[in-house]
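Hello,

Here is the structure I promised to hand over. Please have it open while you read the notes below.

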Amino acid sequence: MATSLDRRTFLTGTASFAQIAAGQEERLVGIGMVGVGNRGTSLLRTLLALPGVDVPAICDINEVNLARAQGLVEKTGRPRPEGYSSGVEDFRRLVRREDLNAIIIGTPWELHTPVAIAAMKAGKYAGVEVPAALTIEECWDLVNTSEKTGIPCMMLENVCYFRNVLMALNLVRQGLLGELLHCEVGYQHFVRGSQFTKDGDLTWRGRYALAHNRNQYPTHPIGPAAWWMNINRGDRFTYLNSMSGNSRGPHLHAARTFGAEHASAKRVFAQADVNTTLIKTENGLTVTLYYNTQSPRPYDLILRVQGTGGIYSGTLDKVYIDGRSPAGRSGEPAWEETAAYYERYEHPLWKRLSGVAASSGHGGADYITLHEFVKAIRNKTQTPIDVYDSATWSAIVPLSGLSVASRGAPIDFPDFTKGKWRTAKPVAVE
Ligand SMILES: NC(=O)c1ccc[n+]([C@@H]2O[C@H](COP(=O)([O-])OP(=O)(O)OC[C@H]3O[C@@H](n4cnc5c(N)ncnc54)[C@H](O)[C@@H]3O)[C@@H](O)[C@H]2O)c1
(Lines give C-alpha, C1' and ligand atoms only; values in the text may rest on other atoms or scores of the structure.)
Protein backbone atom coordinates (compact mmCIF):
# COMPACT_ATOMS: atom_id res chain seq x y z
CA MET A 1 0.00 0.00 0.00
CA ALA A 2 1.20 3.53 -0.71
CA THR A 3 1.58 4.41 2.91
CA SER A 4 3.98 1.56 3.57
CA LEU A 5 6.38 2.78 0.91
CA ASP A 6 8.63 5.75 1.24
CA ARG A 7 8.10 8.72 -1.04
CA ARG A 8 11.36 8.30 -2.93
CA THR A 9 10.48 4.74 -3.85
CA PHE A 10 7.35 5.95 -5.57
CA LEU A 11 8.94 8.97 -7.19
CA THR A 12 11.64 6.92 -8.80
CA GLY A 13 9.23 4.19 -9.78
CA THR A 14 11.50 1.61 -8.21
CA ALA A 15 8.93 0.14 -5.87
CA SER A 16 8.86 -3.60 -6.35
CA PHE A 17 5.61 -4.87 -7.69
CA ALA A 18 5.36 -7.28 -4.77
CA GLN A 19 5.66 -4.33 -2.37
CA ILE A 20 2.98 -2.39 -4.19
CA ALA A 21 0.64 -5.32 -4.49
CA ALA A 22 1.05 -6.35 -0.85
CA GLY A 23 -2.13 -5.84 1.10
CA GLN A 24 -4.20 -4.53 -1.78
CA GLU A 25 -4.34 -7.27 -4.38
CA GLU A 26 -8.09 -7.07 -4.43
CA ARG A 27 -7.82 -3.41 -5.38
CA LEU A 28 -5.06 -3.68 -7.96
CA VAL A 29 -5.99 -1.88 -11.18
CA GLY A 30 -4.83 -3.52 -14.43
CA ILE A 31 -4.07 -1.10 -17.23
CA GLY A 32 -3.17 -1.87 -20.84
CA MET A 33 -1.30 0.72 -22.88
CA VAL A 34 -1.80 1.32 -26.59
CA GLY A 35 0.86 3.58 -28.12
CA VAL A 36 4.09 4.07 -26.18
CA GLY A 37 5.94 6.73 -28.14
CA ASN A 38 6.97 9.94 -26.41
CA ARG A 39 3.78 10.61 -24.53
CA GLY A 40 2.77 7.00 -23.89
CA THR A 41 6.19 6.31 -22.35
CA SER A 42 5.92 9.35 -20.12
CA LEU A 43 2.42 8.26 -19.02
CA LEU A 44 3.72 4.76 -18.39
CA ARG A 45 6.49 6.05 -16.12
CA THR A 46 3.93 8.06 -14.15
CA LEU A 47 1.53 5.13 -13.99
CA LEU A 48 4.26 2.90 -12.57
CA ALA A 49 4.76 5.41 -9.75
CA LEU A 50 1.08 5.18 -8.75
CA PRO A 51 0.20 2.78 -5.98
CA GLY A 52 -1.82 -0.31 -6.83
CA VAL A 53 -1.41 -0.29 -10.61
CA ASP A 54 -0.29 -3.15 -12.82
CA VAL A 55 0.53 -2.91 -16.53
CA PRO A 56 0.43 -6.49 -17.83
CA ALA A 57 0.01 -5.68 -21.56
CA ILE A 58 1.33 -3.09 -23.97
CA CYS A 59 0.61 -2.56 -27.66
CA ASP A 60 2.72 -0.61 -30.15
CA ILE A 61 3.42 -1.30 -33.81
CA ASN A 62 6.91 0.08 -33.30
CA GLU A 63 8.91 -2.81 -31.82
CA VAL A 64 11.63 -0.55 -30.43
CA ASN A 65 9.14 1.59 -28.53
CA LEU A 66 7.31 -1.52 -27.35
CA ALA A 67 10.48 -3.16 -26.02
CA ARG A 68 11.54 0.06 -24.26
CA ALA A 69 8.16 0.20 -22.50
CA GLN A 70 8.25 -3.47 -21.54
CA GLY A 71 11.73 -2.91 -20.10
CA LEU A 72 10.51 0.04 -18.03
CA VAL A 73 7.84 -2.10 -16.41
CA GLU A 74 10.27 -4.95 -15.77
CA LYS A 75 12.70 -2.57 -14.07
CA THR A 76 10.15 -1.94 -11.32
CA GLY A 77 10.13 -5.63 -10.47
CA ARG A 78 6.86 -6.33 -12.20
CA PRO A 79 6.65 -9.18 -14.73
CA ARG A 80 7.47 -8.19 -18.34
CA PRO A 81 4.16 -7.13 -19.92
CA GLU A 82 2.93 -9.11 -22.91
CA GLY A 83 3.63 -7.21 -26.12
CA TYR A 84 1.14 -6.68 -28.95
CA SER A 85 2.68 -5.55 -32.23
CA SER A 86 1.11 -7.72 -34.93
CA GLY A 87 -0.28 -4.97 -37.10
CA VAL A 88 -2.30 -1.79 -36.70
CA GLU A 89 -5.37 -3.60 -35.34
CA ASP A 90 -3.59 -5.65 -32.70
CA PHE A 91 -4.99 -3.40 -29.97
CA ARG A 92 -8.26 -5.29 -30.49
CA ARG A 93 -6.63 -8.42 -29.06
CA LEU A 94 -5.18 -6.52 -26.12
CA VAL A 95 -8.48 -4.95 -25.03
CA ARG A 96 -10.06 -8.40 -24.64
CA ARG A 97 -7.68 -9.43 -21.83
CA GLU A 98 -9.43 -10.25 -18.60
CA ASP A 99 -6.71 -8.83 -16.35
CA LEU A 100 -7.32 -5.27 -17.59
CA ASN A 101 -9.69 -2.69 -16.10
CA ALA A 102 -8.67 0.16 -18.38
CA ILE A 103 -6.84 1.06 -21.55
CA ILE A 104 -4.64 4.15 -21.89
CA ILE A 105 -4.28 5.42 -25.44
CA GLY A 106 -1.17 7.37 -26.50
CA THR A 107 -1.29 6.84 -30.27
CA PRO A 108 -1.49 9.41 -33.08
CA TRP A 109 -4.85 11.21 -33.15
CA GLU A 110 -6.70 9.11 -35.75
CA LEU A 111 -6.57 6.06 -33.49
CA HIS A 112 -7.89 7.68 -30.33
CA THR A 113 -11.58 7.08 -30.99
CA PRO A 114 -11.26 3.59 -32.56
CA VAL A 115 -9.17 2.31 -29.63
CA ALA A 116 -11.38 4.02 -27.01
CA ILE A 117 -14.48 2.46 -28.55
CA ALA A 118 -12.88 -1.00 -28.67
CA ALA A 119 -11.90 -0.55 -25.00
CA MET A 120 -15.38 0.46 -23.85
CA LYS A 121 -17.01 -2.34 -25.84
CA ALA A 122 -14.68 -4.77 -24.06
CA GLY A 123 -15.81 -3.31 -20.71
CA LYS A 124 -12.60 -1.36 -20.01
CA TYR A 125 -12.38 2.28 -18.95
CA ALA A 126 -10.90 4.34 -21.77
CA GLY A 127 -8.20 6.88 -20.87
CA VAL A 128 -7.50 8.70 -24.07
CA GLU A 129 -4.87 11.26 -24.97
CA VAL A 130 -5.85 14.61 -26.45
CA PRO A 131 -7.91 15.26 -28.51
CA ALA A 132 -10.24 12.30 -27.97
CA ALA A 133 -11.83 12.60 -31.43
CA LEU A 134 -11.32 14.38 -34.75
CA THR A 135 -14.81 14.48 -36.29
CA ILE A 136 -18.30 15.12 -34.98
CA GLU A 137 -19.20 11.56 -35.95
CA GLU A 138 -16.34 10.25 -33.80
CA CYS A 139 -17.52 12.46 -30.90
CA TRP A 140 -20.99 10.92 -31.13
CA ASP A 141 -19.50 7.43 -31.44
CA LEU A 142 -17.67 7.96 -28.15
CA VAL A 143 -20.79 9.31 -26.42
CA ASN A 144 -23.09 6.61 -27.77
CA THR A 145 -20.67 3.80 -26.92
CA SER A 146 -20.10 5.08 -23.40
CA GLU A 147 -23.85 5.44 -22.82
CA LYS A 148 -24.63 2.02 -24.28
CA THR A 149 -21.90 0.14 -22.43
CA GLY A 150 -22.05 2.19 -19.22
CA ILE A 151 -18.23 2.46 -19.36
CA PRO A 152 -16.61 5.87 -18.79
CA CYS A 153 -14.27 7.52 -21.25
CA MET A 154 -11.88 10.14 -19.88
CA MET A 155 -9.77 12.33 -22.08
CA LEU A 156 -6.57 12.64 -20.05
CA GLU A 157 -6.55 16.45 -20.13
CA ASN A 158 -3.70 17.12 -17.75
CA VAL A 159 -3.84 20.94 -17.93
CA CYS A 160 -7.05 20.79 -15.87
CA TYR A 161 -4.80 19.59 -13.04
CA PHE A 162 -2.14 22.31 -13.31
CA ARG A 163 -1.53 23.96 -9.95
CA ASN A 164 -2.64 27.43 -11.12
CA VAL A 165 -5.70 26.06 -12.91
CA LEU A 166 -6.85 24.31 -9.73
CA MET A 167 -6.13 27.36 -7.59
CA ALA A 168 -8.14 29.51 -10.01
CA LEU A 169 -10.94 26.91 -9.86
CA ASN A 170 -10.97 27.37 -6.11
CA LEU A 171 -11.14 31.17 -6.51
CA VAL A 172 -14.04 30.78 -8.95
CA ARG A 173 -15.96 28.34 -6.78
CA GLN A 174 -15.46 30.41 -3.65
CA GLY A 175 -16.93 33.38 -5.49
CA LEU A 176 -13.84 35.63 -5.42
CA LEU A 177 -14.17 36.44 -9.13
CA GLY A 178 -17.91 37.15 -8.92
CA GLU A 179 -20.10 36.07 -11.82
CA LEU A 180 -17.92 34.72 -14.63
CA LEU A 181 -17.91 36.63 -17.91
CA HIS A 182 -15.03 35.58 -20.13
CA CYS A 183 -12.01 33.32 -20.50
CA GLU A 184 -9.01 33.89 -22.73
CA VAL A 185 -6.97 30.75 -23.31
CA GLY A 186 -4.76 29.28 -26.00
CA TYR A 187 -2.38 26.58 -27.06
CA GLN A 188 0.60 28.78 -27.83
CA HIS A 189 3.54 26.46 -28.09
CA PHE A 190 6.29 26.61 -30.72
CA VAL A 191 6.32 22.95 -31.78
CA ARG A 192 6.48 23.13 -35.58
CA GLY A 193 9.63 20.98 -35.63
CA SER A 194 7.56 17.98 -34.46
CA GLN A 195 5.85 18.01 -37.87
CA PHE A 196 9.01 16.74 -39.60
CA THR A 197 11.27 13.73 -39.26
CA LYS A 198 15.02 14.39 -39.08
CA ASP A 199 15.18 13.84 -42.85
CA GLY A 200 12.43 16.35 -43.54
CA ASP A 201 9.55 13.95 -44.20
CA LEU A 202 6.23 14.68 -42.58
CA THR A 203 5.38 13.04 -39.26
CA TRP A 204 1.75 12.27 -38.46
CA ARG A 205 1.48 15.77 -36.99
CA GLY A 206 2.88 17.25 -40.19
CA ARG A 207 0.29 15.44 -42.26
CA TYR A 208 -2.49 17.14 -40.26
CA ALA A 209 -0.87 20.56 -40.79
CA LEU A 210 -0.63 19.83 -44.50
CA ALA A 211 -4.28 18.87 -44.86
CA HIS A 212 -6.21 21.01 -42.34
CA ASN A 213 -6.53 24.65 -41.36
CA ARG A 214 -8.20 24.84 -37.94
CA ASN A 215 -7.53 24.61 -34.22
CA GLN A 216 -5.83 21.21 -34.22
CA TYR A 217 -5.21 21.10 -30.46
CA PRO A 218 -7.88 22.92 -28.42
CA THR A 219 -8.26 20.76 -25.35
CA HIS A 220 -5.26 21.87 -23.24
CA PRO A 221 -6.57 25.43 -22.95
CA ILE A 222 -10.32 24.78 -23.25
CA GLY A 223 -10.37 22.10 -20.53
CA PRO A 224 -9.56 24.55 -17.71
CA ALA A 225 -11.94 27.17 -19.12
CA ALA A 226 -14.71 24.55 -19.29
CA TRP A 227 -14.11 23.58 -15.67
CA TRP A 228 -14.14 27.18 -14.49
CA MET A 229 -17.33 27.87 -16.48
CA ASN A 230 -19.14 24.62 -15.55
CA ILE A 231 -19.56 23.63 -19.19
CA ASN A 232 -21.90 20.62 -19.54
CA ARG A 233 -22.84 21.23 -15.90
CA GLY A 234 -25.16 24.22 -15.81
CA ASP A 235 -23.93 25.82 -19.02
CA ARG A 236 -22.84 24.64 -22.45
CA PHE A 237 -20.93 25.80 -25.51
CA THR A 238 -23.51 26.85 -28.12
CA TYR A 239 -21.50 28.07 -31.13
CA LEU A 240 -18.10 29.22 -32.30
CA ASN A 241 -16.56 31.45 -34.94
CA SER A 242 -13.04 30.69 -36.10
CA MET A 243 -10.56 32.51 -38.33
CA SER A 244 -7.11 31.63 -39.56
CA GLY A 245 -4.40 33.90 -40.94
CA ASN A 246 -1.54 32.97 -43.25
CA SER A 247 0.47 29.78 -43.20
CA ARG A 248 4.17 30.59 -42.97
CA GLY A 249 5.91 28.55 -40.25
CA PRO A 250 5.87 25.03 -41.72
CA HIS A 251 7.32 26.23 -45.03
CA LEU A 252 9.94 28.41 -43.32
CA HIS A 253 10.98 25.54 -41.09
CA ALA A 254 11.27 23.07 -43.98
CA ALA A 255 13.19 25.49 -46.24
CA ARG A 256 15.63 26.52 -43.51
CA THR A 257 16.19 23.08 -42.05
CA PHE A 258 16.11 20.82 -45.13
CA GLY A 259 16.86 23.26 -47.96
CA ALA A 260 14.64 25.11 -50.43
CA GLU A 261 14.76 22.19 -52.87
CA HIS A 262 13.53 19.62 -50.35
CA ALA A 263 10.09 18.20 -51.15
CA SER A 264 8.73 19.42 -47.80
CA ALA A 265 9.80 23.00 -48.58
CA LYS A 266 7.67 22.85 -51.72
CA ARG A 267 4.56 21.60 -50.00
CA VAL A 268 1.61 23.93 -49.51
CA PHE A 269 0.58 23.60 -45.89
CA ALA A 270 -3.06 24.34 -45.06
CA GLN A 271 -2.47 25.14 -41.40
CA ALA A 272 -2.24 28.83 -40.50
CA ASP A 273 0.36 29.99 -38.01
CA VAL A 274 -2.36 31.58 -35.86
CA ASN A 275 -5.95 30.43 -35.56
CA THR A 276 -8.38 32.36 -33.35
CA THR A 277 -11.74 31.02 -32.20
CA LEU A 278 -14.54 32.74 -30.30
CA ILE A 279 -17.00 30.61 -28.34
CA LYS A 280 -20.35 31.64 -26.84
CA THR A 281 -22.10 29.77 -24.08
CA GLU A 282 -25.80 29.27 -23.46
CA ASN A 283 -25.61 31.50 -20.35
CA GLY A 284 -23.96 34.31 -22.32
CA LEU A 285 -20.28 33.81 -21.41
CA THR A 286 -17.55 34.11 -24.04
CA VAL A 287 -14.16 32.51 -24.69
CA THR A 288 -11.25 33.56 -26.88
CA LEU A 289 -9.23 30.51 -27.85
CA TYR A 290 -5.92 30.62 -29.74
CA TYR A 291 -3.98 27.96 -31.60
CA ASN A 292 -0.49 29.27 -32.27
CA THR A 293 2.22 26.67 -32.83
CA GLN A 294 4.04 27.53 -36.05
CA SER A 295 5.95 30.75 -35.36
CA PRO A 296 8.63 31.35 -32.71
CA ARG A 297 7.16 32.39 -29.38
CA PRO A 298 7.48 31.47 -25.70
CA TYR A 299 5.05 28.88 -24.36
CA ASP A 300 1.89 30.47 -22.95
CA LEU A 301 -1.55 28.95 -22.39
CA ILE A 302 -2.85 32.37 -21.18
CA LEU A 303 -5.40 30.76 -18.80
CA ARG A 304 -7.13 34.04 -18.02
CA VAL A 305 -10.54 34.04 -16.33
CA GLN A 306 -12.54 37.22 -15.81
CA GLY A 307 -15.62 37.73 -13.62
CA THR A 308 -17.65 40.68 -12.35
CA GLY A 309 -15.52 40.69 -9.20
CA GLY A 310 -12.01 40.02 -10.44
CA ILE A 311 -9.60 38.30 -12.75
CA TYR A 312 -6.85 35.67 -12.71
CA SER A 313 -4.11 35.68 -15.38
CA GLY A 314 -2.07 32.53 -15.95
CA THR A 315 0.42 34.39 -18.15
CA LEU A 316 1.26 36.72 -15.27
CA ASP A 317 0.20 34.34 -12.50
CA LYS A 318 -1.41 37.36 -10.87
CA VAL A 319 -4.89 38.32 -9.74
CA TYR A 320 -6.99 41.35 -9.24
CA ILE A 321 -9.85 40.87 -6.78
CA ASP A 322 -12.17 43.86 -6.46
CA GLY A 323 -12.25 45.29 -2.95
CA ARG A 324 -9.40 43.09 -1.86
CA SER A 325 -6.41 43.66 -4.12
CA PRO A 326 -4.70 46.98 -3.49
CA ALA A 327 -5.30 49.70 -6.05
CA GLY A 328 -2.41 51.05 -8.13
CA ARG A 329 -1.02 54.57 -7.66
CA SER A 330 -3.68 56.12 -9.85
CA GLY A 331 -6.43 54.26 -8.02
CA GLU A 332 -6.88 51.93 -10.99
CA PRO A 333 -7.03 48.15 -10.41
CA ALA A 334 -3.49 46.75 -10.30
CA TRP A 335 -2.23 43.17 -10.51
CA GLU A 336 -1.57 41.48 -7.21
CA GLU A 337 1.00 38.71 -6.60
CA THR A 338 -0.55 35.28 -6.01
CA ALA A 339 1.71 33.91 -3.24
CA ALA A 340 -0.84 34.70 -0.53
CA TYR A 341 -3.61 33.21 -2.65
CA TYR A 342 -1.71 29.95 -3.07
CA GLU A 343 -1.34 29.92 0.72
CA ARG A 344 -5.02 30.37 1.32
CA TYR A 345 -6.73 28.97 -1.80
CA GLU A 346 -4.41 26.16 -2.90
CA HIS A 347 -6.71 23.44 -4.18
CA PRO A 348 -7.12 20.55 -1.71
CA LEU A 349 -6.32 18.00 -4.43
CA TRP A 350 -3.04 19.76 -5.16
CA LYS A 351 -2.24 20.07 -1.45
CA ARG A 352 -2.79 16.36 -0.97
CA LEU A 353 -0.92 15.04 -3.99
CA SER A 354 1.71 17.58 -5.01
CA GLY A 355 4.39 16.00 -2.79
CA VAL A 356 4.31 12.61 -4.52
CA ALA A 357 3.36 14.12 -7.89
CA ALA A 358 6.21 16.61 -8.13
CA SER A 359 8.59 14.53 -10.22
CA SER A 360 6.00 13.59 -12.87
CA GLY A 361 5.42 15.55 -16.08
CA HIS A 362 3.92 19.05 -16.30
CA GLY A 363 4.89 20.03 -12.76
CA GLY A 364 3.04 17.09 -11.22
CA ALA A 365 -0.21 17.50 -13.15
CA ASP A 366 0.33 14.26 -15.08
CA TYR A 367 0.47 12.26 -11.85
CA ILE A 368 -2.71 13.88 -10.54
CA THR A 369 -4.52 13.26 -13.84
CA LEU A 370 -3.69 9.56 -13.79
CA HIS A 371 -4.34 9.38 -10.05
CA GLU A 372 -7.88 10.65 -10.62
CA PHE A 373 -8.41 8.30 -13.56
CA VAL A 374 -7.25 5.29 -11.53
CA LYS A 375 -9.33 6.40 -8.53
CA ALA A 376 -12.48 6.33 -10.69
CA ILE A 377 -11.60 2.87 -12.04
CA ARG A 378 -10.92 1.50 -8.57
CA ASN A 379 -14.12 2.96 -7.14
CA LYS A 380 -16.11 2.04 -10.29
CA THR A 381 -17.33 5.63 -10.58
CA GLN A 382 -17.65 8.17 -13.37
CA THR A 383 -14.41 9.87 -14.38
CA PRO A 384 -14.02 13.59 -13.54
CA ILE A 385 -13.61 14.41 -17.23
CA ASP A 386 -16.43 12.35 -18.71
CA VAL A 387 -17.33 11.35 -22.25
CA TYR A 388 -19.43 14.52 -22.76
CA ASP A 389 -16.47 16.74 -21.82
CA SER A 390 -14.14 14.65 -23.96
CA ALA A 391 -16.48 15.00 -26.97
CA THR A 392 -17.32 18.70 -26.45
CA TRP A 393 -13.74 19.87 -26.05
CA SER A 394 -12.52 17.72 -28.97
CA ALA A 395 -15.39 18.89 -31.21
CA ILE A 396 -13.61 22.24 -31.52
CA VAL A 397 -11.16 20.56 -33.93
CA PRO A 398 -13.70 19.91 -36.70
CA LEU A 399 -16.02 22.81 -35.83
CA SER A 400 -13.20 25.37 -36.06
CA GLY A 401 -12.20 23.87 -39.43
CA LEU A 402 -15.76 24.28 -40.72
CA SER A 403 -15.93 27.88 -39.56
CA VAL A 404 -12.51 28.78 -41.03
CA ALA A 405 -13.64 27.34 -44.35
CA SER A 406 -16.79 29.47 -44.33
CA ARG A 407 -15.36 32.94 -43.58
CA GLY A 408 -15.67 32.60 -39.82
CA ALA A 409 -19.37 31.72 -39.92
CA PRO A 410 -20.98 30.65 -36.63
CA ILE A 411 -21.03 26.86 -36.26
CA ASP A 412 -23.20 25.21 -33.60
CA PHE A 413 -21.89 22.76 -31.05
CA PRO A 414 -23.94 19.57 -30.83
CA ASP A 415 -25.37 19.06 -27.34
CA PHE A 416 -23.65 15.77 -26.61
CA THR A 417 -25.38 15.63 -23.22
CA LYS A 418 -28.84 15.76 -24.87
CA GLY A 419 -30.04 18.27 -22.27
CA LYS A 420 -28.40 16.70 -19.23
CA TRP A 421 -26.12 19.77 -18.94
CA ARG A 422 -29.08 21.64 -17.40
CA THR A 423 -29.13 19.53 -14.26
CA ALA A 424 -25.63 18.02 -14.09
CA LYS A 425 -23.64 19.10 -11.03
CA PRO A 426 -20.27 20.89 -11.32
CA VAL A 427 -17.41 18.45 -11.71
CA ALA A 428 -16.27 17.10 -8.36
CA VAL A 429 -12.57 17.92 -8.06
CA GLU A 430 -11.60 16.73 -4.61
N1 LIG B 1 -1.31 15.55 -22.66
C2 LIG B 1 -0.10 15.97 -23.04
O3 LIG B 1 0.53 16.78 -22.37
C4 LIG B 1 0.48 15.44 -24.30
C5 LIG B 1 1.82 15.68 -24.63
C6 LIG B 1 2.33 15.13 -25.80
C7 LIG B 1 1.53 14.37 -26.63
N8 LIG B 1 0.22 14.17 -26.30
C9 LIG B 1 -0.65 13.32 -27.16
O10 LIG B 1 -0.18 11.98 -27.07
C11 LIG B 1 -0.40 11.30 -28.30
C12 LIG B 1 0.89 10.67 -28.79
O13 LIG B 1 1.85 11.69 -29.05
P14 LIG B 1 3.41 11.33 -29.11
O15 LIG B 1 4.13 12.61 -29.16
O16 LIG B 1 3.74 10.35 -28.06
O17 LIG B 1 3.49 10.61 -30.55
P18 LIG B 1 4.54 9.49 -30.98
O19 LIG B 1 4.49 9.46 -32.45
O20 LIG B 1 5.84 9.70 -30.28
O21 LIG B 1 3.92 8.13 -30.39
C22 LIG B 1 2.83 7.46 -30.96
C23 LIG B 1 3.04 5.98 -30.74
O24 LIG B 1 1.87 5.28 -31.22
C25 LIG B 1 2.33 4.13 -31.91
N26 LIG B 1 1.30 3.64 -32.83
C27 LIG B 1 0.97 4.13 -34.06
N28 LIG B 1 0.00 3.38 -34.60
C29 LIG B 1 -0.29 2.41 -33.71
C30 LIG B 1 -1.20 1.31 -33.71
N31 LIG B 1 -2.03 1.07 -34.75
N32 LIG B 1 -1.24 0.50 -32.63
C33 LIG B 1 -0.40 0.72 -31.59
N34 LIG B 1 0.48 1.73 -31.54
C35 LIG B 1 0.54 2.56 -32.59
C36 LIG B 1 3.60 4.59 -32.59
O37 LIG B 1 4.39 3.51 -33.03
C38 LIG B 1 4.24 5.43 -31.51
O39 LIG B 1 5.06 4.66 -30.67
C40 LIG B 1 -0.98 12.35 -29.24
O41 LIG B 1 -2.36 12.20 -29.25
C42 LIG B 1 -0.61 13.67 -28.63
O43 LIG B 1 -1.52 14.68 -28.96
C44 LIG B 1 -0.30 14.68 -25.16
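Which residues does M33 touch, not counting those up to four places away in sequence? They are G40, L44, V55, I58, C59, A69, I104 and G106. Keep in mind that this is a predicted model.

M33 also belongs to the largest nonpolar core, which has 115 residues. M33 is listed there among the residues with the most contacts inside the core, along with I103, A116, L142, W228 and A391. Helix α14 (residues 365-379) supplies the largest share of this core, eight residues. Both domains take part: the core draws at least three residues from each of domain 1 (2-157) and domain 2 (160-363 + 385-422).

Now the domains themselves. Their C-alpha centres lie 26 Å apart. Where they meet, domain 1 contributes 24 residues and domain 2 contributes 26. On the domain 1 side, α1 (7-11), α3, α7 (136-149) and β6 (153-155) each give two or more residues. Helix α7 gives the most, with five. By class, that side has 18 nonpolar, four polar and two charged residues. In general, nonpolar side chains tend to be buried together in soluble globular proteins.

Last, the ligand. There are 22 residues around it, and G35, G37, R39, N62 and V88 come nearest. The largest share of this shell, three residues, comes from helix α3 (residues 38-49). Helix α3 is also one of the elements on the side of domain 1 that touches domain 2. The shell has 10 nonpolar, nine polar and three charged residues.

Best wishes

Notes
Residues numbered from 1 in each chain as written. Predicted model: local features only at pLDDT ≥ 70, side-chain atom pairs only at ≥ 80, totals over all residues. Near = placed C-beta within 6 Å. Helix = DSSP H or I, 4+ residues; strand = E, 2+ residues; numbered from the N terminus. Nonpolar A, V, L, I, M, F, W, Y, C, P; charged D, E, K, R; others polar. Core = buried A, V, L, I, M, F, W, Y, C linked by C-beta atoms within 7 Å. Buried ≥ 20, exposed ≤ 12 C-beta atoms within 10 Å, placed from the backbone. Domains from an automatic or database assignment. Contact = placed C-beta atoms within 7 Å.
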